[in-house]
Amino acid sequence: MNRRLIKADKLPGLFIAALICMLVSVSANAVSLPPRFYHKTLVGTNFIPILGISIDGNVNPLDPSYTVNADAQIDGNLVMAGYARNFSFFGRSAQLAYLQPMGDLSIRSTAGAEQPTDASANGFGDPFFEFNMNLIGPDPQRTLPDALRYNPGFSMDILIDLSVPIGEYNEGEAINMGMNRVWGRVGFPMILQIGDVWAPGHRTSLEVIPAVILYGDNDDFGPNGDLTQSTDPGSSLAMHFTHDLNDDIWISLDYTYLQLGDSEVGPVESDGQSFSSVGATISTQITRNMVASFGYQSTLNDDAPGDIKMSTFSLNFTFFWAPLLDGLHRIGSDGE
Amino acid sequence: MSFCHKPAFRQILVTSLLILLLPLSSFAEEQQPNILIILSDDMGWADTGAFGGEIETPNIDQIAREGVRFVNFYTNPMCTPTRVTLMSGLDHHIAGAGTMTLFTAPNQQGKRGYEGWLLPDYKTLANIMQESGYNTYVSGKWDLGRFPELIPRSRGFDRDFVLLDSHGSHYDMTNLYTDNPKLMFTEDGKYLTRLPKDYYSSKTYTDKMISFIEEGRSNGKPFFAYLAYQAPHDPHHVDEPWRSKYQGIYDKGWTYFHRARYSKQQALGLLPENSELAERYWYLPDSEVLAPITLATLGRHMELYAAMMNNMDYHIGRLLEYLKEIGQYENTVIIFFGDNGPEGNNTFEAITASGLSNNIFRAKHWSQEHHINVLGTPNSYPEYGAGWAQVSATPFYGHKSFPSEGGIRNALIVKMPDSKHVGGTIRTDFMHVSDIMPTLTELTGQEFPNGDTAGKSWLGMLRDPAQHVRDEDDWIGWEIMGAMALRKGDWKILNNWPPYGTGSWQLYDLKSDWAERHDLAAVHPEILKELISLYENQYMPNNNIILPNRAISESLWWNKPLRFPQFDNYPPGLYRQQYHPPPEMLAEPKE
């Protein structure tokens with residue numbers, strides 16, 4: 001076998017490893033998933049994301065309705081860990097992900113001098129499930145050649161998210177890890193490949209993810225747990241402009257807009273707020289089976305007392321594996 | 001009424017003047033046909049649809065349908081040797097390119113005929129056509145010398161836009177060598193300081209040729225146009241949508257396409273009865289045993305090659321369409337062929353191997369050549385290797401740089417105005433690239449200017465299908481880097497150096513054994529002896545053959561220190577080092 005043939009034979013593993021750069025995680029912003037989340041990879045690839053988040057603001061990042069705690073200072077150290085798998089579903093590329101929030105949150109508020117708040121919560125939050133399936137775009141990557149040839153071009157998915165209220169929730173507490181209500185979202189992630197080459201060092205994409213957020217009721221809300229919290233549907237728009245700096249490092253400029261639904265807590269009704277946040281993410285593959293990223297995101301125009309305010313640092317590690325790639329690696333055919 | 005207004009006198013005066021001027025009118029002014037030579041670079045015999053390929057080449061195929069396909073047409077085994085023969089009508093060892101400069105052996109260095117370019121003392125095809133009253137144009141790859149006295153403007157071309165080097169990027173001026181990093185181009189006799197905007201070799205060469213023809217129409221002369229594409233020479237660069245056009249097609253592997261092309265060639269009637277397909281190279285696996293990912297990775301290289309061929313055909317189509325628009329298509333002789341067999345040597349890999357200074361150059365300028373999605377873009381250097389080269393050369397054995405049939409036999413198509421040949425005819429005349437200059441000198445009523453040549457004019461055959469170019473006693477010889485061959489009639493002797501050959505003479509009957517599978521040296525020793533005698537006693541002494549006195553690997557200067565002392569100043573500033581033209585000859589491109 002000639003030299004070129006041997007070289008070609010060893011290349012796939014390298015290529016595939018480089019292609020699997022997606023991150024499986026949710027950011028501190030509960031309805032904004034990170035850049036390159038919806039890029040596709042080899043069917044059968046498994047992911048374990050571990051996302052560490054440090055937040056600072058006036059809302060609970062796990063609360064999808066972003067109820068503002070006026071004059072409150074909320075800090076949190078959270079981890080979201082889970083599992084995801086790519087598969088083919090009715091002839092289209094699909095992914096199912098499960099993410100489990102955990103960690104601790106604390107709130108300090110001086111609003112109402114007689115009753116200053118100083119509370120904390122820890123434990124597990126509500127598990128979060130996401131299913132997404134490609135509607136327009138490349139066929140599922142069933143083989144290594146499919147994975148090698150992946151070009152997103154223009155692709156559109158449908159996503160369905162569901163948060164199940166089984167996390168820790170204590171009635172009457174100022175802050176909780178669980179939300180005690182179902183919430184979910186339906187969205188249509190779209191990817192537009194910019195440039196005609198999709199390979200490490202060349203990838204540039206614009207990602208737009210419009211979504212509608214739906215909420216169930218929390219019947220145990222309020223200081224005494226006797227109020228009902230209801231929220232009308234809201235909407236979100238996340239955008240990422242991602243670009244490879246070189247073969248191994250890519251960055252993203254991130255923007256999120258949220259229009260929250262009108263809410264009702266007991267007899268008190270309030271109009272839904274809207275807010276925007278911007279940030280950036282940088283990511284690199286650090287081993288054959290692990291991708292890391294670091295990001296920061298902060299709300300805009302958040303100086304007024306009632307404005308939603310949140311800033312988030314995140315550090316993510318995503319481990320991934322596929323039996324075929326591991327097999328190639330074990331027999332030394334992946335070029336490493 | 002003045003005297004001179006008398007009609008009778010005026011008629012006599014005009015008639016007399018016409019009679020006086022008639023001998024001064026050139027051959028070309030008598031409404032002679034235009035000549036268009038389209039040369040492709042490193043294209044295999046089987047790479048066009050007309051010759052059994054699956055690659056879409058509708059415009060080349062159209063020329064074939066309207067013209068004649070020649071299945072026994074030969075070039076020389078490498079680029080420069082073929083081009084010097086085309087331009088001079090001479091054996092390349094006489095004309096100045098006895099071997100490729102990169103591979104010159106110590107005993108060849110400094111010897112006349114081994115300079116590496118077309119010697120300036122020979123007239124070129126362009127000189128002949130220019131003197132016959134033609135507008136003469138060249139665009140594309142020149143590869144016949146860089147110095148001012150060697151560039152197209154000095155060799156008989158009125159207009160030129162050429163790459164002076166032998167290979168490099170199709171998108172920019174990037175070369176392969178640390179010491180010679182920049183490709184050189186000329187336009188209308190000036191060395192370009194940069195390339196035009198949106199430069200891509202096949203596109204720009206075609207654009208320039210169309211503009212030359214258009215701008216030259218005003219003087220009413222016919223044109224001689226030499227359009228020497230750099231495609232499909234590696235690196236296999238090509239734009240979208242071509243780059244993706246053949247994605248996945250070649251996952252079936254080279255074994256499949258080797259057989260598929262052979263079957264199609266049989267169906268098209270291109271092959272003789274009882275022909276066979278050449279055996280697969282001993283160092284290549286049957287692609288049936290390869291993994292899908294390997295097939296996809298290797299196939300990507302053929303995808304790009306096919307895309308480049310298809311893209312070149314597209315641009316040829318643009319030129320043909322233009323000729324139709326100006327009413328000159330029917331009045332144009334079109335000659336299409338490739339310069340040698342397909343490239344199966346992975347030369348780039350050798351030139352830029354790990355540890356060499358060129359490897360650093362490669363890391364900087366060509367570092368993404370192996371990613372499947374990057375292949376074909378400006379920073380990649382795809383070359384498709386021996387497996388696909390053998391497919392390109394179907395049904396023959398061998399590829400570029402060897403005088404096996406796959407290295408020297410090429411697909412020739414000729415379309416002639418008012419031809420007596422039935423369109424689409426396939427002919428088996430034994431022909432050679434050295435024939436083209438004698439053909440055109442005869443067409444223009446001139447004498448061949450460069451002394452003795454083995455070239456034979458095709459004109460008789462082209463005008464009268466009953467005639468043939470050569471008879472059974474005519475022969476052609478080849479030598480490149482010590483590999484030797486000679487064909488006389490249907491018999492061919494071949495002596496390739498090991499491991500590609502046996503290092504001794506073999507004998508083949510090309511009447512049916514096009515694939516050179518059956519060595520008949522032991523069966524017909526008398527024929528073998530006669531042909532060896534022809535080679536040694538006539539071909540070699542009469543054509544300045546100096547067999548290299550070293551193994552080829554000893555001359556690969558990029559690989560290791562030479563085992564022999566370098567001739568002073570050889571080659572003088574050419575190829576190994578960047579050549580800096582005279583400042584007054586530098587110019588910006590004409591956008």
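Phe221(A) stands opposite Leu227(A), a residue of strand E11(A), in what is a predicted model. Strand E11 of chain A covers residues 227-231 and runs antiparallel to E10(A), to which two bridges join it.

- Four strands of chain A make up an open sheet, in the order E10-E11-E14-E15, and their pairing is antiparallel.
- Strand E10 (218-221) and strand E15 (268-270) of chain A are the edge strands, each of which pairs on one side only.
- From one strand to the next, the twist averages 25°.

**Chain B as a whole**
- The secondary structure of chain B consists of 16 helices and 16 strands, and 65% of the 591 residues in chain B count as buried.
- Among the contacts in chain B with a separation of 6 or more, 73% are accounted for by residues 24 or more positions apart.

- Phe257(B) lies in helix H8 of chain B, which spans residues 254-268.
- Phe257(B) counts as buried because its relative accessibility is 5%, where the cut-off for buried is under 20%.
- Once neighbours within four places in sequence are left aside, Phe257(B) is in contact with Glu54(B), Ile249(B), Tyr250(B), Lys252(B), Trp388(B) and Val391(B).
- Although 204 residues separate Phe257(B) from Gly53(B) in sequence, the two are 8.8 Å apart in space, C-alpha to C-alpha.

Definitions and conventions
Residues are numbered from 1 along each chain as its sequence is written. Chains are lettered from A and ligands numbered from 1 in the order in which they are written. This is a predicted model: local features need pLDDT of at least 70, side-chain atom pairs count only at pLDDT 80 or more; totals for chains, interfaces and linings use all residues. Side-chain values use heavy atoms; hydrogens and water are left out. Buried means under 20% relative accessible area, exposed over 50%, partly exposed in between (1.4 Å probe, protein chains only). Contact means heavy atoms within 4.5 Å. Two strands pair if DSSP finds at least two bridges between them. Axes are lines fitted to C-alpha atoms, for helices over the stretch in contact, and angles run from 0 to 180 degrees between N-to-C directions.
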